[in-house]
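The following note sets out numbered points on the model shown below. Please read each point alongside the coordinates.

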Amino acid sequence: LDVAGGRGELSFELALAHGIPVTVVDPRAVKLNKPQFKRLKQEKGLSGDPARQWFAEHIRHIKTTMDLAFFEVPAQREAVARASVLVGLHPDEATGAICESAVRHGKPFAVVPCCVFSDMFPERTVENRQVRTHDDICAWIKTLAPGVASAFLGFAGKNRVMFIPSGVEP
C-alpha cells in the first residue's frame, strides 16, 4: 500500500521492476508520465492504450487520503488488511497514519518522513515535548513499536527511512 503515493511513481517501479502489485492511496489522479510510457514501450513493448491498461491492471488507486475517515470504508480497511507492507515516500501529513496503521494491523512499514505538521498533530510528543522537527518525528515514530529501525537512502534531501522490517513483530 503506497500511501500519499502521488501520481504513482514508486508504485510504477515496484510493479514494473519487481512484479509487485500495488495500491496507491492518494486524492490526486494516478497516471503514466512520459518517462514511464517510454519504459513500458522499451521493457514490455506497450504504448498508448495498452500501456495505460497495463498500468491500471498493476496499480490500483484509492482516490482519498489516509486519515480517520479512511478506515470507515470497508473496502479501504480491506486494502490495509491485504497489504504486505505500508510505504510512504515523503507522505506529508499521512506519515503518522501510515506508521500507526501498520503497527495496529501488524504490518511492516517503511516511511521517509519530510514535513512534521506540528500544528495539525499537537498530541505527538517525544520526551515530554511536542514533535516539531524532523529529528523529533523520527524519534516519535521509533516510540510506536519495538523494532522500528532507521537508515539513510542514497538521495539528497530528507532521506531517512523509518521502518519495521518484514518478519519483525510491530
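1. Just after helix 5, Gly106 adopts a positive phi of about 65°. Helices (H or I, at least four residues) and strands (E, at least two) are DSSP runs, numbered from the N terminus. Another glycine with a positive phi is Gly45, which follows helix 2 and has a value near 70°.

2. Some remarks on the basis of the values are needed. This is a predicted model, in which local features need pLDDT of at least 70 and side-chain atom pairs count only at pLDDT 80 or more, while totals for chains, interfaces and linings use all residues. Residues are numbered from 1 along each chain as its sequence is written, and side-chain values use heavy atoms, with hydrogens and water left out.

3. Helix 5 spans residues 95–104 and is largely enclosed by the rest of the structure, because seven of its ten residues are buried. Buried means under 20% relative accessible area, exposed over 50%, and partly exposed in between (1.4 Å probe, protein chains only). The buried residues are Thr95, Gly96, Ala97, Ile98, Cys99, Ser101 and Ala102. Their cover includes strand 1 (2–3), strand 4 (86–89), strand 5 (109–112) and helix 6 (134–142).

4. Thr95 belongs to helix 5 and, with a relative accessibility of 1%, counts as buried. If neighbours within four places in sequence are left aside, Thr95 is in contact (heavy atoms within 4.5 Å) with Val111, Pro113 and Ile141.

5. Lys158 lies in the loop between strand 8 (149–152) and strand 9 (160–164). Its relative accessibility of 39% makes Lys158 partly exposed. Lys158 and Pro113 are 45 residues apart along the chain, yet their C-alpha atoms are separated by 7.2 Å.

6. How many disulfides does the model contain? A disulfide is a covalent bond between the sulfur atoms of two cysteines. The rule applied here takes a pair of cysteine sulfur atoms within 2.5 Å, and the count comes to zero. Cys99 is in no disulfide, the nearest cysteine sulfur being that of Cys138, 9.4 Å away. Cys99 is buried, at 0% relative accessibility. For Cys115, the closest cysteine sulfur is in Cys114 at 3.9 Å, which is too far for a bond. Cys115 is partly exposed, with a relative accessible area of 38%.

7. Helix 1 (residues 9–18) and helix 2 (residues 34–44) pack at about 5°, with axes 12 Å apart. Axes are lines fitted to C-alpha atoms, for helices over the stretch in contact, and angles run from 0 to 180 degrees between N-to-C directions. The angle makes helix 1 roughly parallel to helix 2. On this scale, angles under 35 degrees count as roughly parallel, over 145 as roughly antiparallel, 65 to 115 as roughly perpendicular and the rest as oblique. Glu9, Phe12, Glu13 and Leu16 of helix 1 meet Gln36, Arg39, Leu40, Glu43 and Lys44 of helix 2. The residues of this contact comprise three nonpolar, one polar and five charged. In this division, Ala, Val, Leu, Ile, Met, Phe, Trp, Tyr, Cys and Pro count as nonpolar, Asp, Glu, Lys and Arg as charged, and the others, Gly among them, as polar.

8. Helix 1 also packs against helix 3 (residues 48–58), at an angle of about 95° and with the axes 10 Å apart. The two are therefore roughly perpendicular. Phe12, Ala15 and Leu16 of helix 1 meet Trp54, Phe55 and His58 of helix 3. This contact has five nonpolar residues, one polar and no charged.

9. Helix 2 and helix 3 cross at roughly 95°, their axes coming within 10 Å. This pair is therefore also roughly perpendicular. Phe37, Leu40 and Lys44 of helix 2 and Gly48, Ala51, Arg52 and Trp54 of helix 3 make the contact, whose residues divide into four nonpolar, one polar and two charged.

10. Two side-chain details complete the note. In helix 3, Gln53 is partly exposed at 47% relative accessible area.
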